[in-house]
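Reader: I have a structure to go through with you. Let us take it in short questions.

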Amino acid sequence: MLGKNGDRDNYTYPILVQACAIRASEFEGKQMHNHILKFGFGLDVYVQNTLINMYSVCENMRDARNVFDEMPVLDSVAWNSILAGYVRVGDVEQAKCIFGRMPERNTIASNSMIVLFGKRGCVGEAWRLFQELPQKDMVSWSALISCLEKNEMYEEALAVFVKMFANGIMVDEVVVVSVLSACATLSAAHTGKLIHGLVVKIGIESYVNLQNAFIHMYSSCGEIMAAHKLFNEAFNLDQISWNSMISGYLKCGLVEPAKTLFDSMPEKDVVSWSAMISGYAQHDRFSETLALFQEMQLCGIRPDETTLRFSRRRQKKGVSTWNALILGLAMNGLVEKSLEMFSEMKTCGVTPNEITFMGVIGACRHMGLVDEGRRHFDSMMQEHKIEPNVKHYGCMVDLLGRAGMLKEAEDLIESMPMTPDVATWGALLGACKKHGDHDRGERIGRKLIELDPNHDGFHVLLSNIVASKGDWNGVHEIRGIMMQHGVIKTPGCSMIEADGVVHEFLAGDKKHPRMKEIEVMLDEMAQKLKMEGYAPDTNEVSFDIDEEEKETALFRHSEKLAIAFGLIATSPPSPIRIIKNLRICNDCHMAAKFVSKAFGRDIVLRDRHRFHHFKQGSCSCNDYW
């Protein structure tokens, strides 16, 4: 239009300024303002009102006020626009000043003030202004109800809503959302259902924000099937709908349906991840909590303060939060800090539960603190009157076994007041393998494959123990039993994220598209590591092959493939982050320490038991895992 030298008038610029306001484009709005002044439309009331609105929307109240103060004639639109601006930025004093100067206080202005008072917690002033209003419209009632709901006066909000409906005032989705929030907080399911009927009657039930509010209300009141039905029958679903349903399942203790829905989401945002992580933590499923948090990071989702439950504000920490913190610190090698948190928890007056002692004894297990573990195990029964369950005994067996106290560990199993589960015997079997007690290990291993003939891990451990004795006939026998029962060894698998893509490596893998580069890096790793003093631990290979073949097999473990890929695909100073599905073997653990020193790269590896932080030749686990 300008290029063709077209005519412009006082109708042209308001449209353009309004476009800037809709986009919140203050820079372009100022350009339009300069045009307006240049071409002589600066004193037009219509133009000036749109400028006040534009600057207010952009929260630039200084320029909005300058335009307002320069207006030769102030109409009701100008007064309402400048007042709305101060309400938007929450400036109570200036809003009161403008409201007090208004020659005519209309309903629109009063509604704006009620909204502002609600934002600032001035409920008494909002209520008084509402009472003084000669004409109350739907917005007036909605503003007061929203004010009461935001200031936690939920019963009063419901009472005003009932009065509003009784006075024949039409309701809209905005006021219904506020009222449903009050119902959710009060667990007023019956009232919520009545409101649902009203919404269907007036025909606004398809609004997606209303559907989300109903899902939240029903699930908060424990009416999860109603929420589920509404979710399945909804016409429109957005991200909030999915997140609300997941949160609803978790509030009702239905963790598995929540995870199923989470996995089927078309798109997950930080709220989705946070809800699921928080749900796991609140239901004391801490391994899943940490695993999902790691997965979230690998997917490139940046956590927010909601995701991190580890606030230092003591008064907001429930027992689940303390439990997550105790276990999380221990799993990352910060055992002393973990036990400090347990002491601080008791100092804060939070009563530990069964899960707490799993975390505390587990922390002792991660560092071999046998005496301290015994003390906590005894205090659980004597001081806190908590009867240990099979998992507590299993944790103690693991603690003793890791420390090499194999006879005491077996005696503890035999003295358990309940039947020991296979996991408890499995912990002792792993300890026998670690400490070279082949006879005890073979005896326990053969008992375990009778108890659980389909467990691949027990067969593999027993096979390794028998191989350590040089009994290759015994190894062939065990592998024959595995074939007879159709037991397949779970292959070692390591995952690493690079440039937003998760790469997966299996032991001996040769299928990766960058395999040639990985092979070159493996050779470089082998040379550098040997120069640093690394010698392969061929005891980890339970095959009757020569030493050179054993070394080659060791260097094809999935962890080493992932580390080699990490060295070529990621750049320092970012750490190489890997997830392993099985326990990291001794040789890979040793190799990772040497790599962290030789290449100057931090490596964070999470195996099935804990996190290992490798840095400058050492690991956070202090070689005790």
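Reader: Which residues does Leu 83 touch, not counting residues up to four places away in sequence?

Author: This is a predicted model. Leu 83 is among the residues with the most contacts inside the largest nonpolar core. Beyond four places in sequence, its partners are Ala 95, Ile 98, Phe 99, Met 102, Ala 109, Ser 112 and Met 113.

Reader: How many residues are in the second, separate core?

Author: Its members include Met 345, Val 360, Ile 361 and Leu 399. Of these, Met 345 is also in contact with Thr 356. The second core has 46 residues.

Reader: Is Thr 356 buried or exposed?

Author: Thr 356 is found in helix α21 (residues 354–367). Its relative accessible area is 1%. Buried means under 20%, so Thr 356 is buried.

Reader: Which side chain does Thr 356 join in a polar contact?

Author: Leaving aside neighbours within four places in sequence, Thr 356 is in contact with Val 319, Asn 323, Ile 326, Phe 342 and Met 345. A polar contact of 2.6 Å joins the side chain of Thr 356 to that of one of them. That partner is Asn 323.

Reader: How many disulfides does a search of the whole structure find?

Author: Take Cys 183, where the nearest cysteine sulfur is that of Cys 221, 7.1 Å away. A disulfide needs sulfur atoms within 2.5 Å, so Cys 183 is in no disulfide. For Cys 364, the nearest is the sulfur of Cys 395, at 8.6 Å, and Cys 364 is in no disulfide either. The count for the whole structure is 0.

Reader: What is the relative accessible area of Cys 364, and is this residue buried or exposed?

Author: The cut-off for buried is under 20% relative accessible area. Cys 364 has a value of 0%, so it is buried.

Reader: What distance separates the centres of domain 1 and domain 3?

Author: The chain is divided into domain 1 (1–104), domain 2 (319–449) and domain 3 (493–619). Taken over C-alpha atoms, the centres of domain 1 and domain 3 are separated by 64 Å.

Conventions:
Residues numbered from 1 in each chain as written. Predicted model: local features only at pLDDT ≥ 70, side-chain atom pairs only at ≥ 80, totals over all residues. Heavy atoms only, no water. Helix = DSSP H or I, 4+ residues; strand = E, 2+ residues; numbered from the N terminus. Buried < 20%, exposed > 50% of the residue type's maximum accessible area, 1.4 Å probe, protein only. Polar contact = N/O pair within 3.5 Å; in protein donor to acceptor, adjacent residues only side chain to side chain. Contact = heavy atoms within 4.5 Å. Domains from an automatic or database assignment. Core = buried A, V, L, I, M, F, W, Y, C linked by side-chain atoms within 4.5 Å.
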